[in-house]
Amino acid sequence: ISGIDVLVVLVLGILSSGAIGLMSGRMSLIDWFSTMGNGIGSMGELIIITMMAGGMLEMIRLGG
């Protein structure tokens, strides 16, 4: 996988996990989309926390 764009690898991972789950019968299409939505929600929270920490660290750097 070395040398492949990160976005392509992430999309392939999402598609392959969905295909495995759907073909094995362990999840439905609705379950798959629901799980992706929950993951996106969790990432949103993480991004907000990261931006707040970055802003605080920048204020500390500028303030000395």
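A crossing of two helices is left-handed if the near helix is turned anticlockwise from the far one by less than a right angle, and right-handed if clockwise. The model is predicted, with local features requiring pLDDT of at least 70 and side-chain atom pairs pLDDT 80 or more, whereas totals for chains, interfaces and linings use all residues. Residues are numbered from 1 along each chain as its sequence is written, and side-chain values use heavy atoms, without hydrogens and water.

**View 1. Crossing of H1 and H2.** The crossing of H1 with H2 is right-handed. The axes of H1 and helix H2 (residues 29-63) come within 10 Å and cross at roughly 145°; axes are lines fitted to C-alpha atoms, for helices over the stretch in contact, with angles from 0 to 180 degrees between N-to-C directions.

**View 2. Contact between H1 and H2.** From H1, Ile14, Leu15, Ser17, Gly18 and Leu22 meet Leu29, Trp32 and Met36 of H2 (contact: heavy atoms within 4.5 Å).

**View 3. The end of H1.** Gly25, with a positive phi near 80°, follows H1.

**View 4. The chain as a whole.** The protein chain has two helices and zero strands; helices (H or I, at least four residues) and strands (E, at least two) are DSSP runs, numbered from the N terminus. Its C-alpha trace spans about 55 × 30 × 10 Å along the principal axes. Of its 64 residues, 5% count as buried (under 20% relative accessible area, 1.4 Å probe, protein chains only).

Technical notes
Buried means under 20% relative accessible area, exposed over 50%, partly exposed in between (1.4 Å probe, protein chains only).
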